[in-house]
Amino acid sequence: MKYCIIGGDAAGMSAAMQIVRNEKDANITVLEKGGIYSYGQCGLPYVVGGLIPSTDELIARSIETFREKYGMDARTFHEVKAIDTNSKKVSGIHTKTGQSFEVPYDKLLVATGVSPIIPKQWTGLHLQGIYPLKTIPDAENLMAGLKNVQHVTIIGGGYIGLEMAENVLRLGKKVRIIQRSNQLGNIFDPDFAPFIHEEAEKHGIELCLEEEVLGFKGDDHVQFVKTAKKDYPTDLVIVSVGVSPNTGFLKETDVALNEQGVVVVNESMETSVDGVYAAGDCATHYHRVKKLNDHIPLGTTANKQGRIAGLNMVGVKKPFKGIVGTSIIQFMDLTLGKTGLSNKEAEKLNIPFAEIKITSKSHAGYYPNPKKLEIKLTYHKETEKLLGAQIVGEEGVDKRIDVLATALYHEMDVEELADLDLAYAPPYNGSWDPIQQASRRLGK
């Protein structure tokens, strides 16, 4: 059986390893547009900030390992331009030599991920000093650019924007964040935004909210970010305003894409075309709470979907059971956690909801240095099933958000949270965990 995988990172290589482990002498060709395989993209901000000494630390397996140990035809700088699903051939060009290539397949996996959005209508994009952050080369270019600058402007206040603000500040630079909406961290409800804003301001980050970027000004190098309100002086710009799926080469095929260009897949990671699978950031992710296909590109999901795709490609039937939309962000001294639906997401989906909101402590109040936790549970107004949760605090956010993610996965009622047998010792918790304290407020 000839397997072709487009994309050599999380989803693609997770699939490839499942094929190797489950089919003897599998013929696997991997086509990677870049030059690096299987690395942790989520670690890039921390390499830029100096917490991780080198991008080499992020590489899980070298390309030599895939070639020599696992016998894969793992190629670099091979950009796919087209797929013929009738003749089952993938074609494209080698980006270094310009030479064309063609690869036949019996089963194909599309694991091409996403690319950062740089709005084409922005003026001044030709100027030096404007950087995205998605790949190891992006990080290395950015680190070189940061060496001799004092002021950095970050456009976008989502995951990467917040992480980059923290890490650039760690380098001793002055930081400004420009955000089109009226809050940082748009995945959170508006009443949680002030915690994030206060933390930014506490650390000297300049916030410019509700500002639309129009472009950049300068000679050869960026000197100003131009918004609809004013020109902001800066030495360097990091753009983090969203991502788009790398699926342009599929538009002339029968592979179904949604309105955003994301590949639509079923629970087996199969597309609308027989023998063609998709996984990771370029594919849809079934949301267990929404009961709909969604698109929340995260490394955890990419690895899981890649594993499921690889198993199904070799005939081992295994469904992808979906996500609940769990994420966590470190931002300065705060940890920001969310799982499931926010109030605004529930409202958009016309789900009748109510909320419980409390302020609690990370561990027993009598034990030294308890930290404040802000907790919100969103639940179905009629069935009282948990719909989502948001937690902000300096300590203990991670374990609570994971408990709530597990509760969501198993469709628990809010009242059932109070019955969970959670770990307790004064350094870690009170006799009633904060999420249980919140659950006991139901109906009060």
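**Rings that meet: a friendly tour**

Biologist: Where shall we begin?

Modeller: With a cluster: Y37, F66 and Y70 are linked by ring pairs. This is a predicted model, in which local features need pLDDT of at least 70, side-chain atom pairs count only at pLDDT 80 or more, and totals for chains, interfaces and linings use all residues. Residues are numbered from 1 along each chain as its sequence is written, and side-chain values use heavy atoms, leaving out hydrogens and water.

Biologist: Why is the pair of W122 and F216 called edge-to-face?

Modeller: The centres of W122 and F216 are 5.6 Å apart, within 6.5 Å, and the planes make 85°, over 60, so the pair is edge-to-face.

Biologist: What makes this pair a tie between parts of the chain?

Modeller: W122 lies in the loop between β8 (114-116) and β9 (130-131), and F216 in strand β13 (residues 213-218), so the pair ties together parts 94 residues apart in sequence. Strands here are DSSP runs (E, at least two residues), numbered from the N terminus.

Biologist: How do you know whether W122 is buried or exposed?

Modeller: Buried means under 20% relative accessible area, exposed over 50%, and partly exposed in between (1.4 Å probe, protein chains only). W122 has 8%, so W122 is buried. F216, at 4%, is also buried.

Definitions and conventions:
Phe/Tyr/Trp six-rings, centres within 6.5 Å; stacked < 30°, edge-to-face > 60°. Helix = DSSP H or I, 4+ residues; strand = E, 2+ residues; numbered from the N terminus.
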